[in-house]
Amino acid sequence: MTSKKLQFYNTLARKKETFSPIRKDKVRMYTCGPTVYDYAHIGNLRAYVFADILQKTLEYGGYKVKRVMNITDIGHLSSDADSGEDKMTKGLLREKKKLTLKNMRELAEFYTKKFKKDLEKLNVKIPKEIYFASDYVKEDTELVQKLEKKEYTYKTSDGIYFNTSKMPDYGILWGGKREWKKEGARIVENSEKKNPEDFALWKFNSQIGFESPWGKGFPGWHIECSAMGIKFLGEQFDIHTGGIDHIPIHHTNEIAQSECATGKKPFVRVWMHNNFLDINNGEKMAKSGDSFITLRTITEKGISPIVYRFWLLMGHYRTKMNFNWEALEGAETALKRLYGLYMSLGEKIGKVDKEYQEKFKEFVFDDLDTPRALSLLWDVLKDEKISNANKKATILDFDKVLGLDFANLKEEKISEAILKLVEEREEVRKNKDFKKSDELRKKINSLGYEIEDKNSGYKINKI
Ligand code: AMP
Ligand code: ZN
């Protein structure tokens with residue numbers, strides 16, 4: 001275990017705090033997974049790159065991490081506050097499939113596979129424990145029954161609701177004020193609700209759904225995460241992650257249900273949230289229209305997914321980022337330059353430079369300050385006082401957290417076309433045709449290579 005302390009910004013405390021897990025050396029962490037009715041957009045993927053950096057930082061700090069992620073394959077309505085269309089139903093209609101539970105599951109499995117592929121491409125360590133919400137409906141109903149016994153619930157014509165007025169500190173994650181709804185998240189009024197913040201624990205559905213003590217239907221989206229969190233990580237655990245949009249409703253309600261059902265506070269010690277990825281200066285990324293950019297949109301432009309990861313790390317996870325192609329291309333140039341510098345260090349891998357390692361820890365342990373960690377990476381490469389071999393070892397060490405794939409860089413194979421041009425240039429040079437030789441050199445340069453003339457011949461370098 002490292003002697004350096006980790007500091008994380010805890011949304012619940014509204015400040016940075018020194019991290020200490022409930023059980024020594026073992027961190028229990030839950031990540032809200034995607035709603036799998038469509039491909040993930042790159043905004044969604046920001047949430048998982050952030051959680052990955054967090055897991056890797058904890059591991060770098062010497063902790064074992066037990067990480068759980070759910071897949072929301074039922075119960076998420078288009079508004080987080082229990083109104084609007086069911087997202088999975090929307091997915092089935094879009095794909096012209098019959099509305100059955102079997103089809104819903106198939107749709108979920110298809111998009112989950114795609115989601116995992118995206119994570120792999122982004123060098124995100126896929127959590128070992130990923131669970132479909134639809135496999136844990138029994139746990140959901142048991143939790144609702146517990147709440148029912150303790151008289152936190154009531155019935156309306158469309159479902160079983162949680163009565164938030166029974167919980168004195170409801171909304172603590174958001175600031176503990178009951179007025180928050182007026183400024184923040186939009187709650188669509190439901191005249192049968194006792195309080196505007198009350199939320200569905202179970203929603204009736206006569207057409208399609210699961211059996212329950214209250215009739216056929218679906219669990220509420222929030223109860224799924226409480227039930228799975230408690231089942232796999234216990235009634236109290238260390239870290240819960242998600243995007244900031246989850247603060248006012250989803251995570252607020254997770255806290256309410258879990259704490260009222262178990263009687264234990266806090267449900268989670270540290271709540272961590274990534275800020276949003278916007279597009280076109282302030283437009284929210286959505287799963288429809290021009291702003292729906294997936295990882296595939298990026299790779300189709302010939303840009304590697306790791307460039308997207310690198311670009312995200314150039315910003316702090318708590319800062320809003322604005323996506324545009326120029327910025328991504330800028331990141332691509334910078335990453336290529338980093339790779340080039342790394343490749344020029346030779347074959348040998350030496351020892352990790354302790355001074356740089358301490359600095360790296362200082363940065364990533366300070367609430368995952370990846371922008372400063374990246375600038376340190378440049379410093380290592382430019383530092384003339386340390387050997388190439390030690391530079392390599394140090395960068396590979398940093399990359400355990402950053403995940404930029406330095407270990408897998410390979411010398412790029414020089415294409416036949418370039419080799420032919422080089423040979424042709426050698427030939428004309430021998431015949432002292434310097435004009436032609438110069439022309440060929442320029443052509444080679446324009447293709448991204450340069451020739452270094454040596455006594456013994458020549459060397460081809462990438463520019
Ligand atoms: P969903 O699939 O809607 O359940 O969202 C999956 C994750 O992506 C959640 O943690 C959201 O908070 C997060 N998220 C959604 N949109 C964005 C965005 N534009 N930028 C960053 N995170 C987002
Ligand atoms: Zn969740």
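1. In this predicted model, Glu358 is partly exposed, its relative accessible area being 32%. Its salt-bridge partner is Lys361, with the closest N and O atoms 3.9 Å apart. Lys361 counts as buried, at 13% relative accessibility, because the limit for that class is under 20%. Both residues belong to helix H11, where a spacing of 3 residues separates them by about one helical turn.

2. A salt bridge also joins the side chains of Asp366 and Lys16, at 2.7 Å from N to O. This pair links distant parts of the chain, 350 residues apart: Asp366 sits in the loop between helix H11 (354-364) and helix H12 (370-382), and Lys16 in strand E2 (residues 15-18). Asp366 is partly exposed, with a relative accessible area of 23%. Lys16 is likewise partly exposed, with a value of 38%.

3. Asp135 and Arg105 form a further salt bridge, in which the closest N and O atoms are 2.9 Å apart. Asp135 lies in the loop between strand E7 (129-132) and helix H4 (137-149), while Arg105 lies in helix H3 (residues 101-121), so the contact ties together parts that are 30 residues apart in sequence. Asp135 is partly exposed at 43% relative accessibility. Arg105 is also partly exposed, with a relative accessible area of 23%.

4. The structure holds 29 salt bridges, including the pairs described above. Salt bridges also link Asp38, Arg94, Glu95 and Lys97 in a network.

5. Which residues coordinate the zinc ion (ligand 2)? The donors are Cys32 (SG), Cys225 (SG) and His250 (NE2), at 2.1 to 2.2 Å. Their spacing in sequence is C-x192-C-x24-H. Cys225 and His250 are both buried. The list of donors should be read with some care, because water is not among the atoms and sites may look incomplete.

6. An unreviewed UniProt entry lists residues 34-44 as a short sequence motif, the 'HIGH' region. In the model, the end C-alpha atoms of residues 34-44 lie 8 Å apart. The span is 27% helix and 0% strand.

Notes: Residues numbered from 1 in each chain as written. Chains lettered and ligands numbered in written order. Predicted model: local features only at pLDDT ≥ 70, side-chain atom pairs only at ≥ 80, totals over all residues. Heavy atoms only, no water. UniProt positions renumbered as here; feature names shortened; annotations may be inferred. Helix = DSSP H or I, 4+ residues; strand = E, 2+ residues; numbered from the N terminus. Donors = N, O, S within 2.8 Å, 3.2 Å for Na, K, Ca; no water. Buried < 20%, exposed > 50% of the residue type's maximum accessible area, 1.4 Å probe, protein only. Salt bridge = Lys/Arg side-chain N within 4 Å of Asp/Glu carboxyl O.
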